Amino acid sequence: MDNSIAHGTYALKQVIGRGAYGVVYRAVKRGTNKPCAIKQIEFEDESELNEHMLEIDLLKNLRHQNIVEYRGFIQKAHELYIILEYCARGSLRDILKHGPLLEDDTVNYVTQTLYGLQYLHEQGVIHRDIKAANLLLTEEGIVKLADFGVSTRINRMAMTYAGSPNWMAPEVMTGQGASTVSDIWSLGATVVELLTGNPPFHNLVNESACYAIVNEEYIPPLTLSAECKDFLSRCFQKNMFKRATAQELLAHIWLKKIQKPKSKINLAEYIEKDGKWDVDFVLDSNTDMTPSPTKSPIQEDLAPADFRTLSVDQLFIEHSTDSIVVGLIKTLNELTAIKADATASGSLSNRTFEILKYDKQFNHTALKEKFIDNGGTPLLISLRFESVLAAFFEKSVKLLIQCGILSHFDSLKNSRLTVLVSYCYRTLTSHDIWNQWCLSHKDKISACVNAELTSTKYIEAEKLLIHVSMIKDFPLSVPKLMLFAKKYKHLQHCIFTSLNNSIKRTIVNVPTSNLIHGKLFYEKSNFPVTIQEWLLEMITHVKRKATDPFVELCFHVCHLNNKSIELLMKDGHFLALTKTLLKSSNHSSLPWCLNLCSEYTKNLKAEDIGTMIDIGISSLPIANCLPNSIEILLNCFNVAQQIESPIVLHNESVTIGNHNIPFSLLVASFYQDNGRFDKYITKYTKLCSLPVGGKICSEVLKQERFIGRIHELFGTFKTSLIIQIDLLKFLKVLVIQTNEQGKSSYFNKLETLAKFLSSNWKNTQTFTPIKQGHQKVGADSVLIHQLCQDIQNLIVM
């Protein structure tokens, strides 16, 4: 490297990153000692230099809190040095090395990223490489968009192929070009990366990944909230013209759920007052590049008698901060050397506590900072001054771990300190190592979490409980948690979530996306037999914000257990809760409720038919509830037939007993998009097969958009053989029912349908992997051809 860079006003300290274009150093500006990052880029010729200068041209005109700040550049013969703002906490990808993030933390980072993207897009700039590795964090937790090496200004469409494949938008993959909303797709992939540890389709490579991004629908983990899933669906809209903008996403409900405190960072402190960074590049051949030596410890003396006898007020009045630090460290060292008794140790612990307390209240923690700089922290750990550490080092737990507190972990008695250390250690090591460490200290951690949970001032115990509840074989004090949920409402969300985790961690060989639809097999033996009665009791005491995890817990406990479901439904409170959720704007937990309701309706009592019909009808307009809504109504019809309850057809509706079901709602559901169409169409086909189905089928066929809807559905699911077969089974039932109704007026539509079916699978053209989305599966399916032939024969009859 050309050493002349070191002869200016910047001293290079260490390499903090390497990329395709060069090396990034942490450096300090001499004189001010302010940190910065220096990106060193090597180039071969003028054309290559011009490419890199485009990044500088972009950066120098960007001024925003969430964009990494540009501070100048130096050009040498074949090297370019770009001076940038230094982000001390690294990238979000670095944080992910310790495990996925919670939604609360992710919302904070995503909101800041969106503010940065909104600004970029308003300036006409496409970032083109949004991912966790390019989102940096300052010491204060401010997100900074970085790495503009592949960014471009908008000129209708940026037509080059750039970015990281798994984060890349479909239109970029297929060569249509990038736009500002291409960054939004990448943001969605980054949200998945933050919440799961990997971007979508991370297990696929090369052409397979490209094909999946262009053609497949990404199904997010069921553990994500409904608001988060909706946010992702707005990002992963394959039609770029329908995809949300950064401004629109900033108003999304997922980002509004969590009220985040405004950042206290003063940006003015990180911007040079004169604004003239270029003058800092004056070369000085006398400047030495050798890093400055570590500052020597302060050496001011304080008489031992004064240190021990003066009041804390007098100590700070009569002596400098430096001398107090020297006296404190000297006394701590003496106590360590003589292995003093508990009385002497307790006396010094109290003295230390009072000094640090005064320092915090009246001295802006200047003494604590000097104490840390001069190596005092390990002394507090070795002397086990736990009350001091818990009170004054709660925001410096990482330092405690670096100073060796983990080696004293088994002897810690302060439950708050134990919780803080356990939670912080998770961010400093790998996911697997932390899990194993927690299991090796499971009894201690569990006891301390339970002791700290009831505090309303601190939330680390709640966060730690949620994380350890995901660890298989980690014991939870379920009876105690049940008691806490009844007594302390602020803990309900945390406790319900943790109990859900303790069940879901035992699930094996069940795809996450199918948890709510498939049959679950998991271990619930760690739950007391009283949990069903407890759930029943809690229904009327659940805090509104804890409703989602509570309803999910009801599902996990009662699913596939008829007796449990009957007990849950017996006094009507759960059904009342379901109705309340139907009237609210938040429908995220409704699928859990309706899944239990649909199971309950299989053995429905006559007196509950009306209630279940009301629930089925009310949930029909809600897209993510459609499969369960149809199944509830289907079961109500079946039970009514079994008990010989009167079912009467009218022109506009059908009644079961005294309960009316409008045909318009049943028909509209067929034309409504929903995320689980595969489940919906099978239930809907069964409903249309009933005697009442003739009227439903004729009304579906009657709609002007019927043929268009059939085209749309077969186009949407052209790569799914199973859904196409289910659709054909539905059409077969529809034609049979229509023939029995004698509706000859629909013959033209049916004839058009027959022509469509005869030609839909005659495409034999081959395609490249990226363009394979135009290819239809099923052309060689015997069952598809047989169903098409059956339908055509029925139409001709």
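Is the crossing of α18 and α20 left-handed or right-handed? The crossing of these two helices is left-handed, a term used if the near helix is turned anticlockwise from the far one by less than a right angle, with right-handed used if clockwise. The structure is a predicted model, in which local features need pLDDT of at least 70 and side-chain atom pairs count only at pLDDT 80 or more, while totals for chains, interfaces and linings use all residues. Residues are numbered from 1 along each chain as its sequence is written, and side-chain values use heavy atoms, with hydrogens and water left out.

**Overall composition and confidence**

- The protein contains 37 helices and twelve strands; helices (H or I, at least four residues) and strands (E, at least two) are DSSP runs, numbered from the N terminus.
- Of the 797 residues in the protein, 51% count as buried; buried means under 20% relative accessible area, exposed means over 50%, and partly exposed lies in between (1.4 Å probe, protein chains only).
- Among contacts with a separation of 6 or more, 69% join residues 24 or more positions apart, where contact means heavy atoms within 4.5 Å.
- The mean pLDDT, which is the predictor's confidence in each residue from 0 to 100, is 82 for the protein, and 85% of its residues reach 70 or more.
- The pLDDT is below 50 over residues 508–522, a stretch with 37 contacts in the model beyond near neighbours in sequence.
- Over residues 764–774 the pLDDT stays under 50, and the model has 19 contacts for them beyond four places in sequence.

**Packing of helices α18 and α20**

- Two packed helices are described by the angle between their axes and the distance between the axes.
- Helix α18 (residues 415–426) and helix α20 (residues 442–452) have axes that come within 9 Å and cross at roughly 115°; axes are lines fitted to C-alpha atoms, for helices over the stretch in contact, and angles run from 0 to 180 degrees between N-to-C directions.
- On the α18 side, S415, R416, T418, V419 and S422 meet K444, I445, C448, V449, A451 and E452 of α20.
- The residues of this contact divide into five nonpolar, three polar and three charged; Ala, Val, Leu, Ile, Met, Phe, Trp, Tyr, Cys and Pro count as nonpolar, Asp, Glu, Lys and Arg as charged, and the others, Gly among them, as polar.

**Residues with positive phi**

- L560, in the loop between α25 (547–558) and α26 (562–569), has a phi near 65°, a positive value in a residue other than glycine.
- L560 is partly exposed because its relative accessible area is 43%.
- E644, in the loop between α30 (626–642) and β10 (647–649), is not a glycine, yet has a positive phi of about 60°.
- E644 counts as exposed because its relative accessibility is 71%.

**Serine 669**

- S669 lies in helix α31 (residues 663–670) and counts as buried because its relative accessibility is 0%.
- The side chains of S669 and Y680 make a polar contact at 2.8 Å; such a contact is a pair of N or O atoms within 3.5 Å, and within protein one must be able to donate a hydrogen and the other to accept it, while residues adjacent in sequence count only if both atoms are side-chain atoms.
- Apart from neighbours within four places in sequence, S669 is in contact with L620, L626, I630, Y680 and Y684.

**Tyrosine 86**

- Y86 is placed in the loop between β5 (79–84) and α2 (92–96), and is partly exposed because its relative accessible area is 21%.
- Not counting residues up to four places away in sequence, Y86 touches I16, R26, P35, C36 and A37.
- Y86 and T138 are 52 residues apart along the chain, and their C-alpha atoms are separated by 7.5 Å.
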